[in-house]
Amino acid sequence: MDYFVYRDNHLFAEDVAVAEIAAQHHTPVYIYSRATLERHWRAFDDALGSHPHLICYAVKANSNIGVLSVLAKLGSGFDIVSAGELARVIEAGGDPAKVVFSGVGKKHAEIRYALEQGIMCFNVESEPELHRINEVAATLGVQAPISLRINPDVDAKTHPYISTGLKANKFGIARERALATYELAAGLSNLNIIGMDCHIGSQLTDIDPFVDALDRLLVLIDELAAKGIHIHHLDVGGGLGVTYDKESPPHPKEYAAALAQRLTGRDALKLILEPGRAIAANAGIMVTQVEFIKEGEEKHFAIVDAAMNDLIRPALYSAWQNIIRVDTQTQATPRVYDIVGPICETGDFIGRDRELAVAPGDLLAVRSAGAYGFVMASNYNSRCRPAEIMVDKNQVIVVRERENQKDLWKGEYKLP
Ligand code: LLP
């Protein structure tokens with residue numbers, strides 16, 4: 001459920017007409033809904049009830065400071081993958097003691113910064129990384145809290161680029177190596193083993209792979225306990241899917257209930273979740289204006305002012321995102337269009353074969369754009385990245401200004 005709804009044929013973001021925002025802040029523009037973000041975060045938090053848990057929002061899905069500040073105020077934890085993401089969390093008012101640090105390539109300086117800020121845990125992805133964290137912790141004279149990311153070898157049945165829990169993927173430590181790697185960690189004097197972690201992929205629409213992965217990790221936790229290595233939290237990663245089209249992913253409640261059921265009798269084992277998309281995707285839209293209608297020989301094109309640099313998911317993953325009219329009253333005749341941007345590539349499309357009644361000047365909203373939208377935007381073709389707006393009831397807050405041309409060459413230099 002989200003707060004982007006039509007009222008009298010006009011699309012609203014909470015209590016504000018989307019067309020008004022576009023008129024004032026121009027297009028393309030990302031618009032987020034605070035109430036939707038909060039609702040989605042709470043759906044996870046409430047679903048886990050009294051079982052000890054922490055929702056660590058995956059910052060990579062949408063790292064805007066405004067978005068992070070909304071979640072920080074709810075008491076959210078954060079899953080980060082770089083020093084930059086940690087700096088954003090801190091800037092937004094998030095608590096470093098609720099941060100888990102994932103990712104396969106943590107650099108010395110990133111580890112040092114995270115230790116200095118007192119993060120909750122490193123999700124460690126390899127043996128060399130264990131040694132590196134141990135070394136950096138020793139130079140600071142501290143114990144680094146760690147968890148091993150185990151690759152449970154389950155098929156998440158999602159797009160191959162966002163499937164991460166198979167043996168063939170670069171992520172985590174193979175299940176077969178898990179006990180030996182924990183023993184290695186236990187022997188390193190500046191590490192403190194506190195948890196176990198996994199993340200099997202993104203946009204999962206079925207509960208079974210999550211439960212399979214969890215079961216495999218619980219077996220390992222028991223084997224470790226028998227060796228005197230005690231795991232205090234289990235981080236099951238993110239990955240719960242959302243509805244872009246006709247998918248019907250489980251509700252966070254159902255998902256959490258399935259996990260909690262497996263944890264019966266393990267009341268002290270804290271559960272950590274790292275949802276990104278399920279919190280942010282449907283809390284955002286990207287609004288774009290139709291510039292031209294072009295009648296091709298075989299196809300009709302609606303050329304809009306947003307492009308693959310603003311929203312790359314359709315071009316990169318052939319992702320389908322719904323495209324709807326901002327104002328539904330129009331004289332235009334419905335036709336099947338490819339919605340394309342101004343970039344000089346055939347892959348520059350936002351949607352293909354969409355039936356829409358549109359005319360130049362009309363506004364379109366691309367739905368489910370709150371996750372992996374702006375964060376993956378670039379300046380390709382020297383296009384300024386769009387503004388980001390947060391709507392909070394009837395308030396419109398610019399949470400990132402539209403870039404201007406000087407921003408395009410910031411840090412670049414001419415030769416004398
Ligand atoms: N935790 C870890 C360790 C991750 O790698 C990810 C996502 C998440 C949590 C959050 O997953 P989520 O709940 O958002 O599914 N750019 C792609 C998605 C890449 C996801 C990468 N990892 C897309 O636009 O579909």
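**Exercise 1. Find which residues of strand β19 point one way and which the other, and decide whether they are buried or exposed.**

Solution. Start with the strand itself: β19 covers residues 363-366. Helices (H or I, at least four residues) and strands (E, at least two) are DSSP runs, numbered from the N terminus. Next, sort the side chains: Leu 363 and Ala 365 point one way, while Leu 364 and Val 366 point the other way. In a regular strand the side chains alternate between the two faces of the sheet. Finally, check burial: these residues are all buried. A residue is buried if 20 or more other C-beta atoms lie within 10 Å of its own, exposed if 12 or fewer, and partly exposed in between, with C-beta atoms placed from the backbone.

A word on the model before going on. This is a predicted model, in which local features need pLDDT of at least 70, side-chain atom pairs count only at pLDDT 80 or more, and totals for chains, interfaces and linings use all residues. Residues are numbered from 1 along each chain as its sequence is written.

**Exercise 2. Work out how β14 and β16 pair with β19.**

Solution. Two strands pair if DSSP finds at least two bridges between them. Take β14 (residues 284-295) to begin with: 4 bridges join β14 to β19, and the two run antiparallel. Here Met 286 stands opposite Val 366. Now turn to β16 (residues 323-325), which pairs with β19 in the antiparallel sense over 3 bridges. The bridge partner of Ile 323 in β19 is Val 366.

**Exercise 3. Describe the open sheet that contains β1, β2 and β3.**

Solution. Write down the order: β1-β2-β3, with antiparallel pairing. The edge strands are β1 (4-7) and β3 (16-17), each pairing on one side only. Then look at β1 and β2 (residues 10-13), which share 4 bridges; Phe 4 stands opposite Ala 13 in β2. Last, visit the loop between β2 and β3, where Glu 14 lies. Glu 14 has a phi near 50°, a positive value in a residue other than glycine. Glu 14 counts as buried because 20 C-beta neighbours lie inside 10 Å.

**Exercise 4. Name the domains and describe how they touch.**

Solution. Domain 1 is 4-32 + 281-408 and domain 2 is 34-279; such bounds come from an automatic or database domain assignment. The C-alpha centres of the two domains lie 32 Å apart. For the touching sides, 22 residues of domain 1 are in contact with 21 residues of domain 2, where contact requires C-beta atoms, placed from the backbone, within 7 Å. On the domain 1 side, β20 and β21 each supply at least two residues, and β20 gives the largest share, 4 residues. By class, that side has 13 nonpolar, 5 polar and 4 charged residues. Ala, Val, Leu, Ile, Met, Phe, Trp, Tyr, Cys and Pro count as nonpolar, Asp, Glu, Lys and Arg as charged, and the others, Gly among them, as polar.

**Exercise 5. Zoom in on the hairpin of β20 and β21.**

Solution. Strands β20 (residues 387-392) and β21 (residues 395-400) pair in the antiparallel sense over 5 bridges. Val 391 stands opposite Val 396. There are 2 residues between the strands, and Lys 393 in the turn has a positive phi of about 60°. Glu 401 is partly exposed, because 13 other C-beta atoms lie within 10 Å.

**Exercise 6. Explain why the ligand lies between the domains.**

Solution. Begin with the shell: 20 residues surround the ligand, and the closest are Ser 202, Gly 238, Gly 276, Arg 277 and Tyr 372. A residue is near a molecule if its C-beta atom, placed from the backbone, lies within 6 Å of it. The elements that give two or more residues are α10 (277-280) and α11 (313-317). The shell divides into 8 nonpolar, 8 polar and 4 charged residues. Domain 1 and domain 2 both give residues to this shell, so the ligand lies between them.

Key
Contact = placed C-beta atoms within 7 Å.
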